[in-house]
Amino acid sequence: LLAYPSGKHVVVRNIDGPSAPPLLPQSASKLPVLVYRGHLYAVTACKVAPSGAYMVSGDQRGCLRVWALDHEEHLVKYESPMLTGPIKDLDWDGESKRIALCGERDPQGSSECAKAIQWDTGVTVGQLSQHLKGRAASLSVKPNRPFRIVTSGRDDTKTYFHKGPPFEKIPPKDGEPEDSAHTKGAVNC
């Protein structure tokens with residue numbers, strides 16, 4: 001499956017093309033395309049769970065939605081405002097139990113720009129390091145145990161590495177900070 005945001009929608013395509021079976025076998029539609037219209041604001045990031053049962057999507061106002069990809073009505077399983085600014089990137093762990101997300105916080109706010117949560121309850125799973133000016137550009141989750149999360153800054157050159165769950169920053173090795181691995185410019189992906 002290929003999933004991407006388009007305005008206030010999430011488009012999910014079967015990359016096998018028109019000859020592919022429909023996304024939902026029980027559906028009356030025979031199209032290999034799904035358009036999810038649940039967000040009120042522009043969708044900025046989306047990701048299919050490794051299990052294939054759920055999709056997570058985030059929007060311009062920091063709202064996170066987890067919805068059923070394998071159900072004809074695409075029921076919302078979890079929805080909550082997570083950040084005070086746009087969600088820039090998100091990822092599932094390999095067990096489809098936790099979601100890591102990053103983005104921007106409101107300049108006047110003191111909220112976080114990166115979080116790791118249990119997808120079904122929204123409970124925070126540890127503490128991710130925060131980036132300069134509250135602007136994180138990207139993150140990635142190692143899909144198997146032991147889990148690791150790396151976040152990258154938009155206004156700084158830092159890449160913070162975390163281990164868990166519960167997630168915590170990996171301490172420097174031999175006095176050498178691991179977060180200075182990228183030395184020039186923002187990390188975009």
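Reply: A salt bridge is a side-chain nitrogen of Lys or Arg within 4 Å of a carboxyl oxygen of Asp or Glu. The model you see is predicted, and by this rule it has nine salt bridges. Arg-145 lies in the loop between strand E11 (136-141) and strand E12 (147-153), while Glu-95 lies in the loop between E8 and strand E9 (98-103), so the pair ties together parts that are 50 residues apart in sequence. Glu-95 is partly exposed, with a relative accessibility of 32%.

Turning to another pair, the side chains of Asp-91 and Lys-47 meet in a salt bridge with an N to O distance of 3.5 Å. This pair also links distant parts of the chain, for Asp-91 belongs to strand E8 (residues 87-92) and Lys-47 to strand E4 (residues 43-48), 44 residues apart. Asp-91 is buried at a relative accessible area of 12%, whereas Lys-47 is partly exposed at 32%.

Arg-65 and Glu-79 form a further salt bridge, with their closest N and O atoms 3.0 Å apart. Here Arg-65 sits in strand E6 (residues 63-68) and Glu-79 in strand E7 (residues 76-81), 14 residues apart. Arg-65 is buried, with a relative accessible area of 11%, and Glu-79 is partly exposed, with a relative accessibility of 44%.

Key: Residues numbered from 1 in each chain as written. Predicted model: local features only at pLDDT ≥ 70, side-chain atom pairs only at ≥ 80, totals over all residues. Heavy atoms only, no water. Helix = DSSP H or I, 4+ residues; strand = E, 2+ residues; numbered from the N terminus. Buried < 20%, exposed > 50% of the residue type's maximum accessible area, 1.4 Å probe, protein only.
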